[in-house]
Amino acid sequence: MNQAQRKPHELDGKAVKIFQEYLRIPTVHPDVNYDDSTAFLKRLGEEIGLTMKVEELVPGKHIVIFSWIGEDPSLPSILLNSHTDVVPVYEKYWTRPPFGAEKDEQGNIYARGAQDTKGVGMQYMEAIRRLKTAGVRLLRTVHVSFAPDEEIESDAGIRKYVHTQEFRDLNVGFAFDEGLPHPDNLIQVVYGERAIWQLTFHVNGTGGSAENILEETAAEKVRIIVDRAMEFRQTQKDLLDSDHTLTTGDVTTINLTMIMGGDVTSDEVPEIFHVTFDIRVAVTDDHDKMEETLQAWCKEAGPETYYTFSQKHTFVKPTVLDEHNRWWMTFKKECDAMDLNIRPVICPASGDSRFLRTVGIPTLGFAPMCNTPIRLHDHDEFLNENVFLRGIDMYCRLIPAMANLAP
């Protein structure tokens, strides 16, 4: 299904305007107010004819759930998930207003959230509008969720919601969530995420006057920690460079992000340094062995060297992509029928998908944004209107296929 083959639909104009309206609601961190976005979604759901619930695990943090009830609601349902919040903007770097949703002569619609993930949220809703208008009936119930605070670890959103009775009552058997754009004619399908570890090494040593050559200083120990980390980093870079089939999501990355110490005077050797790293552990790497490696670095550096975690994700098993997963086989069959060039990938970052997988729900991160420069979290984020509309077409096929999968 390339763009030249696409037939215009009478609802295309309305869908683009709805998308632009959603983008103009500034659900931006750090101080997000979800009232306007929830009111917008409520009106949209009423237009389409969907039932709606709003859950608030934290006051003001709205989890909006729409439901299209299937002919057999007892069967496991389909969940279409996206998030309403967006990352901050630095307007001086934007060539257009970041919440103006302006469209240029090529049809590119500029706004924060166009790629991450207001586009896919509106594709879900507009696909359902077209299916219902056409009189399509589904075997399974379809739920559409708009979650808050995904960009700040989802503590008020999906992360906690999946452990509530209200979520269990949705009886979700399979989920779609956000995916990744790609600059070529390729759609990346996310089936797992690396584990995020953010940790700080606390390195204690001899302090004193800088006029001396002191033994076992904190700086000497820090050098060992940093050297070992950079050596490990190089092994992963070499692995990535040696195999063109690998992506960043297939290796473990480690990056030095902060060094703190020396808070007395410039002629005093500090007794302690704090060195912070961001580590993204590949799904193929053993977490226990990774910790053993970190402990070995501490031992080599010397006494009074240890680390603490500010964030430590546990291992979450990726969604299985083989003939034993009927959801995957159905999805792939439809993608093949649409002549889509798809590539399963492990996401280098992380999102709400991992929380759905944590409770055993097979989840695919699918965002139909091929031929799209990667601008999520970047300045001048945009999505082309034709790419947006083509994605609606894809969901018009995928949603019935998944929802009509026989028991």
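**Exercise 1. State how exposed Arg397 is, and identify its salt-bridge partner.**

Arg397 has a relative accessible area of 35%, so Arg397 is partly exposed; buried means under 20%, exposed over 50%, and partly exposed in between, with a 1.4 Å probe and protein chains only. The structure is a predicted model, in which local features need pLDDT of at least 70 and side-chain atom pairs count only at pLDDT 80 or more, while totals for chains, interfaces and linings use all residues. Residues are numbered from 1 along each chain as its sequence is written, and side-chain values use heavy atoms, without hydrogens and water.

Next, the partner. A salt bridge is a side-chain nitrogen of Lys or Arg within 4 Å of a carboxyl oxygen of Asp or Glu. Arg397 pairs in this way with Glu334, with 3.1 Å between the closest N and O atoms. The pair links distant parts of the chain, 63 residues apart: Glu334 is in helix 8 (residues 326–337) and Arg397 in helix 10. Helices (H or I, at least four residues) and strands (E, at least two) are DSSP runs numbered from the N terminus. Glu334, at 14% relative accessibility, counts as buried.

**Exercise 2. Determine which elements the salt bridge of Glu291 and Lys312 ties together.**

Start with the distance: the closest N and O atoms of Glu291 and Lys312 are 2.3 Å apart. Then place the residues: Glu291 lies in helix 7 (residues 287–301) and Lys312 in strand 14 (residues 305–312), so the bridge ties together parts that are 21 residues apart in sequence.

**Exercise 3. Give the count of salt bridges and list the members of a network.**

The count comes to 29 salt bridges. A network of them links Lys14, Glu21, Arg43, Glu47, Glu126 and Arg129.

**Exercise 4. Describe the largest nonpolar core and the surroundings of Met122.**

A nonpolar core is a set of buried Ala, Val, Leu, Ile, Met, Phe, Trp, Tyr and Cys residues joined through side-chain atoms within 4.5 Å. The largest has 60 residues, of which Met122, Phe176, Phe331 and Phe366 touch the most other members. Helix 10 (residues 385–403) gives the most to this core, with ten residues.

For Met122, set aside neighbours within four places in sequence; the contacts (heavy atoms within 4.5 Å) are then Ile18, Phe19, Tyr22, Phe40, Leu41, Leu44, Phe146 and Phe388. A second, separate core of 23 residues includes Trp197, Val226, Val281 and Cys298.
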